[in-house]
Amino acid sequence: MFQTFGWQHLSLILQGALVTVQICVLSVVFGGFFGLLIGLMSTGTIRPLRWVSGVYVGLIRGIPVLLIIFFVYFGVPLLAPGSSLAEYWAGVIALSIFAAAYIGELVRGSIQAVPRGQFEAAEALGMPYVERMRWIILPQAARLIVPPGVGFLVILIKDSSLVAVIGLIELTRAGNIVSSQTADPIVAYKVVGAFYFVICFVLSSVARRFERRLGTRVPAPRVGDALTALNPGARK
């Protein structure tokens with residue numbers, strides 16, 4: 001017998017929404033870390049590292065997210081016989097692999113958008129590569145990453161629905177379960193759509209406020225400021 005849509009079904013969808021947020025946050029953390037490395041590799045002076053980053057980005061961006069999810073969930077146990085991977089972590093790993101490629105491209109484009117004079121001035125001061133990136137280039141590039149980065153996060157949240165195919169009960173999968181229990185897919189998917197909208201709307205609103213804050217309160221770092229931070233005696 002079919003059930004009437006009630007609080008128990010809304011609770012299941014809410015739990016699915018929390019899982020969606022969790023896997024997206026973890027994917028952004030892991031993917032952001034590796035994406036930063038890929039972006040630095042692609043803009044560095046070591047040719048093999050540039051080649052590796054280019055191959056990775058081209059490969060991941062050239063295949064569907066669903067295929068990445070299938071490979072992680074079904075392929076890894078085949079490559080390592082006797083091992084198993086939970087649906088939750090398979091989804092996180094797959095989305096992290098996907099996110100790393102796109103975040104790497106965002107980092108690369110943002111670094112290349114920093115005026116060339118900033119690089120030349122830092123090199124003229126004899127700053128090592130790590131300090132040059134930390135104090136001069138990345139602070140300016142971070143301001144440029146925010147707008148396209150938010151757009152990618154919204155895409156990631158919606159693409160996370162694909163992990164439902166491996167059985168993870170996230171937002172979309174919870175909607176499927178409620179739909180089958182109530183025989184009322186219109187109501188179930190309306191609620192699911194509302195949750196997706198709220199998540200993306202809140203994310204976009206917070207990002208817009210952060211973007212305005214960056215634009216009005218955080219001045220672009222100057223080479224002289226970084227030099228003073230690295231050498232406090234330079235003020236005297």
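The buried residues of helix 2 are covered by elements that include helix 1 (7-43), helix 3 (65-79) and helix 4. Helices here are DSSP runs of H or I with at least four residues, and strands are runs of E with at least two, numbered from the N terminus. The model is a predicted one, in which local features need pLDDT of at least 70 and side-chain atom pairs count only at pLDDT 80 or more, while totals for chains, interfaces and linings use all residues. Residues are numbered from 1 along each chain as its sequence is written, and side-chain values use heavy atoms, with hydrogens and water left out.

The residues of helix 2 that are covered in this way are Ser 53, Val 57 and Ile 60. They lie on the same side of helix 2, because they cover an arc of only 75° around the axis; the arc is that of the directions from the helix axis to the C-beta atoms. Arg 47, Pro 48, Trp 51 and Leu 59 are exposed on the other side of helix 2. A residue is called buried under 20% relative accessible area, exposed over 50% and partly exposed in between, with a 1.4 Å probe and protein chains only. The 15 residues of helix 2 (residues 47-61) should span 21 Å at 1.5 Å a residue, and the end C-alpha atoms are 21 Å apart, which agrees. The expected span is 1.5 Å times one less than the number of residues in the helix.

Ser 53, in helix 2, has a relative accessible area of 3% and is therefore buried. Contact means heavy atoms within 4.5 Å. With neighbours within four places in sequence left aside, Ser 53 is in contact with Ile 38, Met 41 and Ser 42. Another serine, Ser 110, lies in helix 4 (residues 87-113) and counts as buried because its relative accessibility is 5%. Residues up to four places away in sequence not being counted, Ser 110 touches Ala 141, Leu 144 and Ile 145.

The largest nonpolar core has 32 residues, and those with the most contacts inside it are Ile 23, Ile 111 and Ile 137. Such a core is a set of buried Ala, Val, Leu, Ile, Met, Phe, Trp, Tyr and Cys residues joined through side-chain atoms within 4.5 Å. Two or more residues of this core come from each of helix 1, helix 3, helix 4, helix 5 (116-124) and helix 6 (129-159). Helix 4 gives the largest share, eleven residues. Ile 23 touches Tyr 88, Val 92, Leu 95, Ser 160, Val 163 and Leu 168, again without residues up to four places away in sequence. Apart from this core lies another, of 13 residues, among them Leu 171, Ala 188, Val 191 and Tyr 196.

Tyr 196 is placed in helix 8 and is buried, since its relative accessible area is 13%. Leaving aside neighbours within four places in sequence, the contacts of Tyr 196 are Ile 157, Ser 161, Glu 170, Leu 171 and Thr 172. Tyr 196 and Arg 132 are 64 residues apart along the chain, and their C-alpha atoms are separated by 40 Å. Ala 183 lies in the loop between helix 7 (171-182) and helix 8 (185-217). Phi of Ala 183 is near 55°, a positive value in a residue other than glycine. Most residues other than glycine have a negative phi. Ala 183 counts as partly exposed because its relative accessibility is 43%.

A disulfide is taken as a pair of cysteine sulfur atoms within 2.5 Å, and by this rule the count comes to zero. Cys 24 is in no disulfide, and the nearest cysteine sulfur, that of Cys 200, is 8.7 Å away; this is too far for a bond. Cys 24 is buried, with a relative accessible area of 6%, and Cys 200 is buried, with 12%.

An unreviewed UniProt entry places the feature "transmembrane region" at residues 12-39, 51-76, 88-107, 141-166 and 186-207. UniProt positions are given in the numbering used here, with feature names shortened, and annotations may be inferred rather than shown by experiment. In the model, residues 12-39 are 100% helix and 0% strand, with end C-alpha atoms 39 Å apart. Residues 186-207 are 100% helix and 0% strand, and their end C-alpha atoms lie 31 Å apart. The unreviewed UniProt entry also places "domain: ABC transmembrane type-1" at residues 17-207. Over residues 17-207 the chain is 83% helix and 0% strand, and the end C-alpha atoms are 20 Å apart.
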